[in-house]
Amino acid sequence: MNTYRLSAAGRRLVLILLIAALLIWAFAIWSFASTLRLSYNPLEFWPSLQATLASGPGIGQLVPALLMFVLIIATPFLIWNLLIEWAAAYTPTPDGLRFASLGVQIEYPWAAVSELRRTDDDREEPFDELVLTTDCTTQIRNPLVRLLYRQAYGSLRLPIYAGVETRDELLAEIRRATRMADPLAETAPAV
């Protein structure tokens, strides 16, 4: 059994995206506080929040603060998704495809795979996903990790990341095990 993980180039890309997400998150936290004139000092936070609310913040403060608040909430989800991609490992077994990452251990039976679909042909690096007929995410024991995983990918899909080393070999093994035809081979002209 061969285990497929992100290549060195894929890891570098995810690392760059992680750093960018952390910078965006830090900027959003700083900008939120400065827009509403809040202090993050625990002793001064509530008095500064009360002063801002008492002065009645204008639309020029509320719109940027709302945008920054959304970024403060959404960016940790992005960071979690990038960390899942960083640690992703796919292992084809006789019974199915085993996916492992941070706190996630799922065995997708071959019988549950209905389709291997390319999601975006226009990308420089293709992105595929397994479409499933049954919810296998119930195998994730931690309810919070299960919720985050379902939020990111849904319960009936498994992404095959573009940066996986020898990705074409993994896709060929999945097609062989599920007896699916290669759609790219069907459209290629015969030589």
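## Basis

Residues are numbered from 1 along each chain as its sequence is written, and side-chain values use heavy atoms, without hydrogens and water. In this predicted model, local features need pLDDT of at least 70 and side-chain atom pairs count only at pLDDT 80 or more, while totals for chains, interfaces and linings use all residues.

## The sheet

Three strands form an open sheet in the order E5-E6-E7, with antiparallel pairing. Strands (E, at least two residues) and helices (H or I, at least four residues) are DSSP runs, numbered from the N terminus; two strands pair if DSSP finds at least two bridges between them. Strands E5 (113-118) and E7 (157-160) are at the edges with a single partner strand each, so one side of each has no neighbour in the sheet. Neighbouring strands are turned by 20 degrees against each other on average, direction ignored.

Five bridges join E5 to E6, and four join E6 (residues 128-132) to E7. Leu130 stands opposite Leu116 and also opposite Leu158 in E7. Helix H5 (residues 167-178) packs on the sheet and touches E5, E6 and E7, where contact means heavy atoms within 4.5 Å.

Buried means under 20% relative accessible area, exposed over 50%, and partly exposed in between (1.4 Å probe, protein chains only). Asp128, Leu130 and Leu132 point one way from E6, and Glu129 and Val131 point the other way.

## Salt bridges

The whole structure has six salt bridges, each a side-chain nitrogen of Lys or Arg within 4 Å of a carboxyl oxygen of Asp or Glu. Glu129, buried at 6% relative accessible area, forms one with Arg117, with the closest N and O atoms 2.6 Å apart. Glu129 forms another with Arg157, at 3.3 Å between the closest N and O atoms. Shared partners join Arg117, Glu129 and Arg157 into one network.

Arg118 forms a salt bridge with Asp128, the closest N and O atoms being 3.0 Å apart. This pair links strand E5 to strand E6, 10 residues apart in the chain. Arg118 is partly exposed at 26% relative accessibility, whereas Asp128 is buried at 2%.

## A surface patch

Leu66, Phe69, Val70, Ile73 and Phe77 make a nonpolar surface patch of about 450 Å². Patch residues have over 30% relative accessible area and no salt bridge; like charges are joined within 9 Å, and nonpolar side chains (Val, Leu, Ile, Met, Phe, Trp, Tyr) within 5 Å. Accessible areas come from the Shrake-Rupley method with a 1.4 Å probe; for residues, only the protein chains shown count as cover. Val70 lies in helix H3 (residues 59-87) and is partly exposed, with a relative accessible area of 45%.

Notes: Axes fitted to C-alpha atoms, helices over the stretch in contact; angles between N-to-C directions.
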